[in-house]
2 protein chains.
Amino acid sequence: MGHEITLSIDAMGGDNAPASVINGIAALARVDPDIRFLLHGRAEEIEPHFTKRTRVLEGRYEIRHTDDVIEMDAKPAVAVRRGRASSLWRALESVRDGEASAMVSAGNTGAMMAMALFCLRRANGVDRPAIAALWPTRGQREHCIVLDMGADVRADAADLAKYAVMGTEYARIALGADRPRVAVLNVGVEETKGRPEVKEAAEILREMAKRDDSGFEFTGFIEANAIPTGAADVIVTDGFTGNVALKSAEGIAQFISGHLRGAFEHDWTSRLAALFAIGSLRRLKRRIDPRRVNGGVFLGLDGLAVKSHGSADATGFSAAVELAATMSRADVINRIAGQLEFSLDSIKAASDSPAPAEDDQ
Amino acid sequence: MGHEITLSIDAMGGDNAPASVINGIAALARVDPDIRFLLHGRAEEIEPHFTKRTRVLEGRYEIRHTDDVIEMDAKPAVAVRRGRASSLWRALESVRDGEASAMVSAGNTGAMMAMALFCLRRANGVDRPAIAALWPTRGQREHCIVLDMGADVRADAADLAKYAVMGTEYARIALGADRPRVAVLNVGVEETKGRPEVKEAAEILREMAKRDDSGFEFTGFIEANAIPTGAADVIVTDGFTGNVALKSAEGIAQFISGHLRGAFEHDWTSRLAALFAIGSLRRLKRRIDPRRVNGGVFLGLDGLAVKSHGSADATGFSAAVELAATMSRADVINRIAGQLEFSLDSIKAASDSPAPAEDDQ
């Protein structure tokens with residue numbers, strides 16, 4: 001599979017923890033013999049989940065007991081101040097202290113980001129770390145990467161340019177894109193549209209992409225309806241907009257699937273149709289099942305942290321841990337650090353140059 | 001149907017104009033005998049579309065010839081400077097001059113908003129007009145209203161509060177909601193989350209809603225995935241975020257429907273399933289068909305303008321014109337002016353009070 005790694009796991013985070021956590025890592029351990037796990041949390045709640053079914057984990061895990069758990073609705077600032085004995089903080093500490101090469105949690109996102117900022121610290125040159133997510137596309141690559149999905153509610157032009165650099169490294173690893181196509185999310189594709197920071201970010205990236213060694217192609221602005229077309233591999237936006245875009249897509253997908261179910265229960269022909277359609281709908285579900293693509297990667301920190309969806313089951317949690325393993329083996333943190341070092345000067349030079357003309361919409 | 005009204009129509013705007021325009025107004029004229037139409041555009045291109053099928057329009061329309069047409073990709077600022085002889089501008093003029101009580105165009109959105117600002121002027125107390133759209137929901141009311149969908153790329157707290165006031169009047173008319181439930185779009189429902197302007201807007205609206213005569217209920221923050229649940233009737237956000245949310249939902253809906261088609265063509269059982277499922281899928285399509293709910297209403301102007309989707313066919317255009325007729329007969333512009341007059345003092349008082357604490361995420 002790959003070289004041996006140790007992953008640090010918050011065994012208490014998420015709606016279905018610790019069952020989903022233990023069964024999730026067991027599922028991954030079955031296909032990947034080279035991962036060890038540090039499990040942080042309440043030993044008495046974790047241990048009963050080790051059964052015959054999880055025998056594959058024998059000798060490959062260690063439980064680090066701690067009583068404290070960060071609740072899903074805890075305020076980030078409070079969690080940072082008072083949560084240093086929690087499973088979430090301890091899981092991050094294992095990465096900071098070099099015991100593990102990445103951590104995974106399905107817990108409270110805000111608390112996790114706030115704690116990660118304190119515990120792992122920002123990468124050199126980064127003001128705002130970002131959460132990067134995979135977005136399904138009809139394109140050849142099946143996914144693209146969108147960031148920031150909500151680490152911060154704001155991003156200026158230089159932040160957006162750094163998101164592009166970080167997202168590009170992610171895309172090389174996760175999508176196998178040699179020269180990722182980068183785009184800036186906007187409300188139109190014309191150069192005159194959008195907010196000033198978005199237009200300025202496009203200017204910076206256009207300049208950067210001119211260099212042969214930039215490692216990416218800049219395709220300009222993209223509108224949100226074009227994300228699933230696969231027209232770009234890396235799409236940058238501020239965390240407020242990114243979070244709204246993701247949740248809006250989620251909401252409408254649920255709306256449609258609810259109506260689909262209703263449509264197939266309408267009368268006897270539709271119930272018959274449903275029988276025949278089961279295979280087709282399963283294929284579709286498998287293709288866009290959020291459990292199979294789970295994990296927001298925190299980029300711009302001096303250590304690797306992956307956030308699983310809070311409602312993930314074992315399959316979903318397993319996907320997030322697999323993502324952490326892949327990114328860790330590819331050494332994403334150091335690769336990003338290298339790329340940032342290489343790019344910071346040009347980002348700075350470009351952001352200091354005169355801003356583009358004001359919106360003439 | 002209602003009292004007699006005259007609507008001003010940009011006969012040249014949109015991908016399928018003027019055919020979609022003439023057939024669209026004919027479809028509405030058939031069920032609503034009390035509308036007259038002023039059609040602005042190239043007479044020689046419009047006239048051939050009056051055939052036996054549109055006989056219902058006889059004696060109920062007038063063509064106002066003009067050669068100039070605003071292209072779909074024209075820049076708004078350029079359109080305003082040089083487009084005063086265009087069908088779009090002339091259609092707006094008919095409203096300004098009191099010849100028509102509303103106008104409809106499927107043309108260039110940016111140009112239409114820029115021209116509407118110049119031609120119709122802002123309503124008293126409004127800094128940023130907004131585009132309001134109907135969003136499908138699973139709720140009892142089938143739709144909610146979201147604004148701004150992209151009139152402006154920014155909105156401060158007072159703008160958002162005014163959007164709530166305008167959207168509330170729209171909801172009373174279009175949804176039949178006596179006391180609409182208003183929410184502010186945010187990245188979480190906790191009070192500490194989000195951008196300062198969003199938190200401040202929530203404070204203002206919470207204060208306003210305390211008055212018995214406010215006419216609305218304030219439900220706090222809403223996340224984008226909850227829009228289709230029908231948890232709120234009026235959802236306010238800045239035009240950048242609103243536009244991204246709408247397009248993101250559109251994009252994923254197209255993605256799913258593309259995959260559904262693929263799933264039903266996979267093998268012979270799925271093709272058989274498709275045969276049986278035709279009725280069910282048609283019902284679903286009818287329920288969420290964007291053609292049946294078409295029309296962005298420009299609110300905050302001293303005159304009524306409705307934007308149809310640029311790719312609307314006759315059915316879609318007809319829906320936009322029907323919306324204009326409904327809003328016009330309900331006197332939405334004067335009702336909004338009255339509500340704004342009533343609310344401006346409390347919005348101002350609330351926005352001048354100390355801002356809520358900074359983001360502690």
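This talk goes through a predicted model, taking the domains, the sheets, the helix packing and a few backbone details in turn.

Let me start with chain A and its domains. The domain assignment divides chain A into domain 1, residues 1-120, and domain 2, which is given as 126-297 + 332-361.

How many strands form the open sheet of chain A, and in what order? There are 11 strands, and going across the sheet the order is β3-β2-β1-β4-β11-β10-β5-β6-β9-β7-β8, with mixed pairing. At the edges of the chain A sheet sit β3 (61-65) and β8 (217-222), each of which pairs on one side only. From one strand to the next, the twist averages 25°.

Strand β4 of chain A, residues 102-105, runs parallel to strand β11 of chain A, residues 305-307, and three bridges join them. In this pair, A:Met103 stands opposite A:Ala305 of β11(A). A helix also packs on this sheet: α6 of chain A, residues 157-174. Helix α6(A) touches β5 (130-136), β6 (143-147), β7 (181-185), β9 (234-236) and β10 (296-299) of chain A. The direction of α6(A) makes about 155° with that of β9(A).

Now the helix pairs of chain A. Which residues of α1(A) and α10(A) make their contact? First the geometry: the axes of α1 (residues 19-31) and α10 (residues 314-329) of chain A come within 7 Å and cross at roughly 60°. Helices α1(A) and α10(A) are therefore oblique to each other, and their crossing is right-handed. On the α1(A) side, the contact is made by A:Ser20, A:Val21, A:Asn23, A:Gly24, A:Ile25, A:Ala27 and A:Leu28. On the α10(A) side, A:Ala314, A:Phe317, A:Ser318, A:Val321 and A:Glu322 take part. Sorted by class, the residues of this contact are seven nonpolar, four polar and one charged.

The other pair in chain A is α4 (residues 87-96) with α5 (residues 109-119). Their axes are 10 Å apart, and the two helices pack at an angle of about 35°. The crossing of α4(A) and α5(A) is right-handed. Here A:Leu88, A:Trp89, A:Leu92, A:Glu93 and A:Arg96 of α4(A) meet A:Ala111, A:Met112, A:Met115, A:Ala116 and A:Cys119 of α5(A). This contact has eight nonpolar residues, no polar ones and two charged ones.

Over to chain B. Its sheet is open and mixed, with 11 strands in the order β3-β2-β1-β4-β11-β10-β5-β6-β9-β7-β8. The edge strands in chain B are β3 (61-65) and β8 (217-222), and the twist averages 25° from one strand to the next.

The pair to look at in chain B is β5 (residues 130-136) with β6 (residues 143-147), which is antiparallel and has five bridges. In that pair, B:Pro136 stands opposite B:His143 of β6(B). Helix α5 of chain B, residues 109-119, lies across β4 (102-105), β10 (296-299) and β11 (305-307), and runs at about 170° to β11(B).

One helix pair in chain B. The axes of α6 (residues 157-174) and α7 (residues 196-209) of chain B cross at roughly 50° and come within 8 Å. That makes α6(B) and α7(B) oblique to each other, and the crossing is right-handed. Helix α6(B) contributes B:Ala157, B:Leu160, B:Ala161 and B:Ala164, while α7(B) contributes B:Glu197, B:Glu200, B:Ala201, B:Ile204 and B:Leu205. By class, the contact of α6(B) with α7(B) comes to seven nonpolar, no polar and two charged residues.

Last, some backbone details in chain A. Most peptide bonds are trans, and most residues other than glycine have a negative phi. Where are the exceptions I want to show? A:Ala17 and A:Pro18 are joined by a cis peptide bond, with omega about 0°. A:Pro18 is in the loop between β1 (5-10) and α1 of chain A. Another cis peptide bond joins A:Leu147 and A:Asp148, with omega about 5°, and A:Asp148 is in the loop between β6 and α6 of chain A. Finally, A:Arg121 has a positive phi, near 75°, and lies in the loop between α5 and β5 of chain A.

Notes:
Residues numbered from 1 in each chain as written. Chains lettered and ligands numbered in written order. Predicted model: local features only at pLDDT ≥ 70, side-chain atom pairs only at ≥ 80, totals over all residues. Axes fitted to C-alpha atoms, helices over the stretch in contact; angles between N-to-C directions. Helix = DSSP H or I, 4+ residues; strand = E, 2+ residues; numbered from the N terminus. Parallel < 35°, antiparallel > 145°, perpendicular 65-115°, else oblique. Left-handed = near helix turned anticlockwise from the far one by under 90°. Contact = placed C-beta atoms within 7 Å. Nonpolar A, V, L, I, M, F, W, Y, C, P; charged D, E, K, R; others polar. Domains from an automatic or database assignment. Pairing = 2+ DSSP bridges.
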